[in-house]
Amino acid sequence: MKRTMDTSLGKQPRPTAVTHQERAWLARCRQGDQAACQSLLRPHLSGLLALARRYCRDPHWAEDLVQETLIRAFKGLHNFRAESSVRTWLFRILVRLAYEPARWQRSMPATSIGDIDIPDNYGGNRAEQDAIARELKDRIDEAMERLTHRQRTALHLRAVEGMDYATISGVLNCSTTAARMHVLEARRKVLARLKEHIDS
Amino acid sequence: MSNSRDSSQQPSPQQRPVCTRTNAVLAVHLDGDLAYETFDQEAYEPLGYGFVSNDSLHSHLRECTTCQLALDRARRLDAELATMAGRDVADQVATIGCSLEQLGERWLECAAMVATEHVPARANATTINSTPSTNTQPEDPIRAEDLDQIFERANQLRLGAQLPSRNAGAHTGRMIAFAGLLAACLVTSICIATLGTTTEHGQSTQQTLALNRTDEHQTHRKSSAAAVLAPTVTAKLSPSQLLTRSIHSARNQKRPQQDRLVPEDLSLRVRNRDLGLPERLAAASSLLRATHFGSSNARHATDQLLLALASCGDLNQADITLHAQLLDEIRNNNSVLTRLENQLSSLPPRNRAHSKLSHQTLAAIIVATRVGNTRLDLAIRRALRRNNAIAEVIAGALRCSMRVNGSTQLLLNCWNDQVATGSQENTARWATFWFRGQDITNFAMLAQAHNRSHSAPERVRCLLAMGCAPDDSTLQLLLAQMASPRRVEACAAAYGLAALPHRVLKQLLPKSKSQNAYLLRAALARAGMPEAEQWIQALALRKPQMDLLRTGPITRFPEIASWFRNARLTTD
């Protein structure tokens, strides 16, 4: 039994369009207004950093990745066709860069003991809770790292950024169905690895 | 419509029950997916979707414990992921020591700067030629705007039947001559027109021919044409004289020298100690203007500014004034701060083959060290952890006392980082490395740092560093710490004391005669005070012991102190 056909199935999705405000800022950006560029990009920085942290354990690398994304965004603003939202566009840049670290990593990470900042508030009553939380975090991180690049990105964008499937498909440059399956498959795999830890 | 599995069956421990609708439930109830209304069942079936409607999914979820559990767990996972992401970002921002907004501001500024560096510089009316000029043609002092305005004014006054368009004249020189003639005619006609109608003839003419001068730069650029129209003189001259004068004036118009200077020239002028302070300051000011975002080739100007600044010292008052003013300017100049930070963050690791530091990198490190900005201090520490070859540069840069505050803390932090990475140790050698020759104010700050520190190794470092003081400013604190109940710190204080100059240590000789002052005697003996020779002779030390006394590490100092303590006991 067939209901209405989904025309987007297997094809490029129709991404969310830019808002009026973004359109106005874009127009000003193209006239060389740096302040407008900053207003356009600023709301998405924390999201970009969070996704960069998902890809890079080293915080300096994560910063580098976000910086490189912003640089590409600034350079590409004039060619941005506004067919998708600015948010989708920025995340797409970051995802592509993350896929090819050689394009933005300047050097090997220089992690030393001095780089590790140990918070002062470890210990006390919170120590046990923190230990449990850290263990769960480590397990989730491990499970997420076992996912494919697309699955990991899709699940992060869905769970953390709250993006719908159409937007995720815009970021990953795939069909909406594929985005949906990436999210569901990623969730299934992660939960399978976490087993009862997530229930507790 | 009951194509769900019976979820009441007991699952095996190894395998959880599977429901074909779980994916659809998660997609709709967790992800808010509405596409189930429009999908093609055959296409979705292999992917885990069955044909379902909204209502049937609701009723299915109420009955199916598998889907309920899966939904519950998926919700928990999503929440956990979101919490983790938020915590990661917060931790990162906290580590950097600024808010996310400030961090974002920096990123955006940096990105804007880097992105614009790749855009070819547009021709703009900056006061500096940003790149060395390749055009050998002398620039015509009468600009296009001037000609336009002269023509416009002439047309308004209906001088001549038909004035040619500016573009019609191919030869610029001829156009200038024509403009000069026109200007002369204008003045003459206006002088005639206004004669007798104004009391101050010159003033009225000048007002008529103001040529819409709006600001200083515009005034300067247009003065080549407007200068010939000075009414007090022109009223007495014939048109031909005016023409000659205008062309002559236009050709000999002197523009400020800095207009023709490229950043390299300006940088040389800033560094040139033979020039007066006002000239050097003017060059520095022009260079600073060229570093702002949006200025063509700001990066080049910034690099030149850093080179100039790094070579400034504190040799004389002019240098100090210039240096201090420029550092003040830089502290408020985001583009320079961002550039400094970028240069520090892109410093290559030491183990790289091409890790030799360039002049530009050295200049950036020196200036960043002297600026005294929290952001830059963190960047310096990161750079130092990557490449410890810059430790000498940092210590050297701070020996020039241009940094306003925080130099002691930066030195201590750098030393601490190097100890943490295993490159250095808490010994007098490294205390000398960091603190010898530093400004006297640093040693007062060391006392404060020692008092407020809760870290024993840091207190030891402070005590060792106090021994590098050139005067007696740290003497009392070191003496007091020699009586500390913490043996390591007492030894460190004695060790630091032994590094003070002899003229300072001389005042301690009376105290050393006290019975319990064996640690002080050990310190004075280590310092090589002539008065300590008698104590050493009494100890009858052999050569290895003498070497240990003179050059032994701090870890062996308790052993040396014990000799003096036992000697006192035997004497008694």
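Two residues are in contact if their C-beta atoms, placed from the backbone, lie within 7 Å. This is a predicted model, in which local features need pLDDT of at least 70, side-chain atom pairs count only at pLDDT 80 or more, and totals for chains, interfaces and linings use all residues. Residues are numbered from 1 along each chain as its sequence is written, while chains are lettered from A and ligands numbered from 1 in the order in which they are written.

**Confidence in chain A**

- The mean pLDDT of chain A is 75, with 74% of its residues at 70 or more.
- Among the elements of chain A, the lowest mean pLDDT (74) belongs to helix 6 (residues 126-145), and the highest (92) to helix 7 (residues 149-159).
- Residues 1-14 of chain A have pLDDT below 50, and this stretch has 28 contacts in the model beyond near neighbours in sequence.
- Where pLDDT is low, the predicted coordinates should not be read in detail.

**Overall build of chain A**

- Chain A has nine helices and zero strands; helices (H or I, at least four residues) and strands (E, at least two) are DSSP runs, numbered from the N terminus.
- Of the 200 residues of chain A, 41% count as buried. A residue is buried if 20 or more other C-beta atoms lie within 10 Å of its own, exposed if 12 or fewer, and partly exposed in between, with C-beta atoms placed from the backbone.
- Take the contacts in chain A between residues at least 6 apart in sequence: 68% of them join residues at least 24 apart.

**Helices 3 and 5 of chain A**

- The axes of helix 3 (residues 45-55) of chain A and helix 5 (residues 86-99) of chain A come within 11 Å and cross at roughly 20 degrees. Axes are lines fitted to C-alpha atoms, for helices over the stretch in contact, and angles run from 0 to 180 degrees between N-to-C directions.
- Helix 3 of chain A and helix 5 of chain A are therefore roughly parallel to each other (angles under 35 degrees count as roughly parallel).
- Helix 3 of chain A contributes Leu48(A), Leu51(A), Ala52(A) and Tyr55(A) to the contact, and helix 5 of chain A contributes Leu90(A), Phe91(A), Leu94(A) and Ala98(A).

**Two positive phi values**

- Most residues other than glycine have a negative phi.
- Asn173(A) has a positive phi near 60 degrees and sits in the loop between helix 8 (165-172) and helix 9 (176-194) of chain A.
- With 15 other C-beta atoms within 10 Å, Asn173(A) is partly exposed.
- Ala540(B) has a positive phi near 50 degrees, and is found in the loop between helix 29 (533-539) and helix 30 (543-551) of chain B.
- Ala540(B) is exposed, with 8 other C-beta atoms within 10 Å.

**Inside chain B**

- Helix 28 (residues 518-527) of chain B has ten of its ten residues buried, so it is largely enclosed by the rest of the structure.
- Leu446(B), in helix 22 (residues 441-452) of chain B, counts as buried because it has 28 C-beta neighbours inside 10 Å.
- Beyond its neighbours within four places in sequence, Leu446(B) is in contact with Thr408(B), Cys462(B), Ala465(B), Met466(B) and Thr474(B).

Terms used. Parallel < 35°, antiparallel > 145°, perpendicular 65-115°, else oblique. pLDDT = per-residue confidence, 0-100.
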